[in-house]
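Hi,

Here is the structure I said I'd pass on. Have a look at it first, and my notes follow below.

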Amino acid sequence: MKKIIALILVLVMLFSLTACGSRPLNDERFVKNMQKGLEARWKISSNLPDTYKSNAEEKESYIQCVNAELNAIGDISEYSFENSELKELAEMYNSALQTQLEGIKYFGADDNKFNMLYGQDGYYNRARVICKLVDNYGLMVSNNYTDMLDDFVSTGRVRLELDEEITAMEGIITDAVVLECLGGTDYECFITNNTSYDLSEAQIDFNLFNDNGVLVETQTAYMNSWPAGSTNQCSIYVSKEFSKAEARISLFNDSLFDYLRTEYHPVEYVNDMIIEINLKNSLPCSVDYTSFKSLTTTCQVTSFDYEIGYWYDGKASVELSISGSKTYDEEGDSYSRGVEVGWKLYDDKEIVVDSGTFWSSDIKVGESFKDASTYVSDLAPGTYTLELLNVE
C-alpha cells in the first residue's frame, strides 16, 4: 500500500512538472513573462539602499535588476511568435537588457560609456518597447507598480515621437542635397525642409574627405529660421581641398536638453569652378628682348606655374609665374639688369583674354631668377593656354 501511495505521489509530481514545463512559449506567454520580469526588477530596485559601501556593491545591484528580467523572460530564441512585430519587439527588448549588462561593466571606470550603454541605449530602448507593448499588446502590471509602468510609457512615447522626427530629418539629407563650390573657399547648398516639423535653429554638420578617404575638415552651417516646407541656402567656408562630403542635421531639444542628430549621409559634391592653364611652349625655352631692333637680352625659361587667388562673383584672380636664367646681355656678361618675357593667354576658342610681360629682378648672364610674376583678373572657370613670347 505504501509503495502504491509513493508511486501515485511521484506520478502527480511528474505530471505537475510536465504541465508547468509544457506551457507554450508564445506571444501571450512573452507578454506575461514581461510583466513578471518588470515586477521582479522593480521589487529589487524599490528596496535598494540610498547609498552603497562600494562601487562593487552598487554594480552588483544593477546586475541583479537586469538579471531579474532576463530570468523571467528566458531565452527569446525558444519562443514561437505568431506576430512578427511582437517578435521584433521581444528581440529589441532582450538586446536592450544585454546592452545594459554590457554597460554595467564600465560602472565606476568609464561613466560616459556606462551612461551611454546602460542609460541612452538600454533604458530608452526598453522604454520604447514597453510603450508599444502597453499600447498594442495589453501589457499590465500589478497595482504596486503602475506608477513605474506609467513613467516608462511616458518616456517611451516621447522617444518614439522623437524617433519619428529624426526619421523625417534623415529624409532631408538623403533627398538629393548638392554641395556646390562657388570658387575658392566658398561653398553652398540649398536644403528643403520637407518635413512637418519646424527645424529653426538646426545646424548642418559637414565632414569633408580627400581622395584617400581621410577626413580633412569639418564645417557647420546654422539654419536660424527653417520652418516646415521652406528652403534655405546653406553656406560653408572650406580651406582644404576635398573630393567627398557627408552631412547630418543636429537640432537641440529643450525637453531632452540634448541634440537630436541624424546619421551622416553622403551628399553630392559639385565643383565646376576650376581654372586650368596649360603652357604652349616646351620648356626650357629661349626668349629674346629686342630694343630698337637690337637684341638686348636673352633668357631661358625653365619653369611655369600659376596660383588661383581671390574669387568674386564666379571669377578669379590668377597669379602667373616663371623661373629661369639669363643667357645674353648686349652690354656684356657682367651687366646686371632684368629680363623681359612676353605672354598671351588664350581661352579654349583661341581668343586672347589677356596679355602682358614678366619682369625679372636684375641679374647678370649666368644668374637665375625665380617666380617672376604677373596677374590676370576676372578669369572665369575654364581651360586656358599661355604662350611665352619674345618682346620688342
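**What turned up**

Phe-252, Phe-257 and Tyr-259 together make a nonpolar surface patch of about 330 Å². Before you go further, keep in mind that this is a predicted model. Of that trio, Phe-252 sits in strand S6, which covers residues 244-253. Its relative accessibility is 33%, so Phe-252 counts as partly exposed; the cut-off for exposed is over 50%.

Next, the sheet. Four strands build an open, antiparallel sheet, and the order across it is S10-S11-S12-S15. Which strands stand at the edges? Those are S10 (285-291) and S15 (368-379). Each has a single partner strand, so one side of each is left without a neighbour in the sheet. On average, neighbouring strands here are turned by 40° against each other, direction ignored.

Last stop is Thr-51, in the loop that links helix H2 (27-46) and helix H3 (55-73). Is Thr-51 buried or exposed? Thr-51 counts as exposed, because its relative accessibility is 64%, where over 50% is what exposed requires. For a distance check in your viewer, take Thr-51 and Asn-112: they are 61 residues apart along the chain, and their C-alpha atoms are separated by 21 Å.

Cheers

Technical notes:
Residues are numbered from 1 along each chain as its sequence is written. This is a predicted model: local features need pLDDT of at least 70, side-chain atom pairs count only at pLDDT 80 or more; totals for chains, interfaces and linings use all residues. Side-chain values use heavy atoms; hydrogens and water are left out. Helices (H or I, at least four residues) and strands (E, at least two) are DSSP runs, numbered from the N terminus. Buried means under 20% relative accessible area, exposed over 50%, partly exposed in between (1.4 Å probe, protein chains only). Two strands pair if DSSP finds at least two bridges between them. Axes are lines fitted to C-alpha atoms, for helices over the stretch in contact, and angles run from 0 to 180 degrees between N-to-C directions. Patches are made of residues with over 30% relative accessible area and no salt bridge: like charges are joined within 9 Å, nonpolar side chains (Val, Leu, Ile, Met, Phe, Trp, Tyr) within 5 Å. Accessible areas come from the Shrake-Rupley method with a 1.4 Å probe; for residues, only the protein chains shown count as cover. A salt bridge is a side-chain nitrogen of Lys or Arg within 4 Å of a carboxyl oxygen of Asp or Glu.
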